[in-house]
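Please read them with the structure open alongside.

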Amino acid sequence: MNKKDWQILKIVHAEKNITKAAERLYISQPTLTYRLQQIEKELDIKIFHRGRRGIVFTEQGELLVKYAIDMLRERQKMEEMLWNSGNDVRGTLRLSVSRTFAFYQLPQILKAFNEKFPKVEFNVNTGVNIDVLHSIYKQEAHLGIVRGEHSWPGEAVTLTQENIAILSSEKINLKDLPSMRRISYKTDPTLEMVIDNWWKDNFSTPPISNMNVDNVEIAKRMVFNGLGYCIAPSIVLEENDKLHKIFLNDTTGSPIIWNTRILYQEELLELDMVNEFVTFIQEYHQNYSNN
């Protein structure tokens, strides 16, 4: 067995479906089936059984998959140590990033970092905050970028602090909000809770929400066209946006702040590419906020 076989086992186990696994591996289904049969023959075991709802791994198959995942992780560590021993900053930096941050800020950060360190490649996965946390807990990513406050036992550095704002196409009065249409969007549960608590502190009736869209960018487009208001962190505000905004305050009159943080394990700073990226992204945001 080799690295390719380990990847095959990992992906087949994740998909529980030969056709989908073959698509992810960019090989034909017959080729994948043949290779799995060869592994079974080589080890004299049955890896899985086919059922109505996909494939079910045997006890031996589960052990083999665990071995394959462990071997892929160990090989990755070995490659990173070898790259780290050279004179150049190089390697593949694995990032797990909140979707909102990935949409509005990550591309320009990666471009600037790549210009400074052209031998560093990126493996980026985006998702909601809970996905990011799972990814770094399981060491699938070197670094995670999350929004809001989340429990994390490792290192955490605040990159940005944003206001949360009511966005509208025309100037509005706060007291009129309960009679106006709100455009809701799918977002992190912790942000929903912050917005809901603010609403309950200020109004006794629920908001009118007839539109529920997939993401904040769609909601913002609806607001542009005068279809209602939305409540969102100020990261969504871009230079040419002509939107009216009212920043939310808590019951003491202080602004409600939404943080973006980078999370990582301290020992990973021994990898040059991780150390350089942590330093770079902090300096990038310091320079950005001063401009």
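Helices (H or I, at least four residues) and strands (E, at least two) are taken as DSSP runs and numbered from the N terminus. The model is a predicted one, in which local features need pLDDT of at least 70 and side-chain atom pairs count only at pLDDT 80 or more, while totals for chains, interfaces and linings use all residues. Residues are numbered from 1 along each chain as its sequence is written, and side-chain values use heavy atoms, with hydrogens and water left out.

1. Strand 6, residues 155-168, contains N163. This residue is partly exposed, with a relative accessible area of 22%, where buried means under 20% relative accessible area, exposed over 50% and partly exposed in between, for a 1.4 Å probe and protein chains only. Leaving aside neighbours within four places in sequence, N163 is in contact with A232, P233, S234, F247, P255, I256 and I257, contact being defined as heavy atoms within 4.5 Å. The C-alpha atoms of N163 and P30 are separated by 54 Å, and the two residues lie 133 residues apart along the chain.

2. Helix 1 contributes Q7, I8, I11, V12, A14 and E15 to the contact, and helix 2 contributes I18, K20, A21, R24 and L25. These residues divide into seven nonpolar, one polar and three charged, with Ala, Val, Leu, Ile, Met, Phe, Trp, Tyr, Cys and Pro counted as nonpolar, Asp, Glu, Lys and Arg as charged, and the others, Gly among them, as polar.

3. Helix 2 also packs against helix 3, at an angle of about 105 degrees and with the axes 9 Å apart. The two helices are therefore roughly perpendicular to each other. On the side of helix 2 the contact is made by I18, T19, A21, A22 and L25, and on the side of helix 3 by Q29, L32, T33 and L36. By class, this contact has six nonpolar, three polar and no charged residues.

4. Some backbone angles deserve a check, since most residues other than glycine have a negative phi. K16, in the loop between helix 1 and helix 2, has a positive phi of about 55 degrees although it is not a glycine, and K16 counts as partly exposed at 30% relative accessibility. D44, in the loop between helix 3 (29-43) and strand 1 (48-51), likewise is not a glycine and has a positive phi of about 60 degrees; D44 is exposed, with a relative accessible area of 70%. Just after helix 7, Q139 takes a positive phi of about 60 degrees.

5. In helix 6 (residues 106-116), the buried residues include L106, I109, L110 and F113. Seen down the helix axis, the buried residues of helix 6 fall within an arc of 95 degrees, so they line one face of the helix, the arc being that of the directions from the helix axis to the C-beta atoms. On the other side of helix 6, K111 and E115 are exposed.

6. In helix 7 (residues 129-137), N129, V132, L133, S135 and I136 are buried. Viewed down the axis of helix 7, its buried residues fall within an arc of 160 degrees, so they too line one face of their helix. Their cover includes strand 3 (91-98), strand 4 (120-127), strand 5 (143-147) and strand 11 (257-264).

7. S98 has its place in strand 3 and is buried, with a relative accessible area of 5%. Not counting residues up to four places away in sequence, S98 touches G127, N129, V132, I145, V146 and R147.

How values were computed. Axes are lines fitted to C-alpha atoms, for helices over the stretch in contact, and angles run from 0 to 180 degrees between N-to-C directions. Angles under 35 degrees count as roughly parallel, over 145 as roughly antiparallel, 65 to 115 as roughly perpendicular and the rest as oblique.
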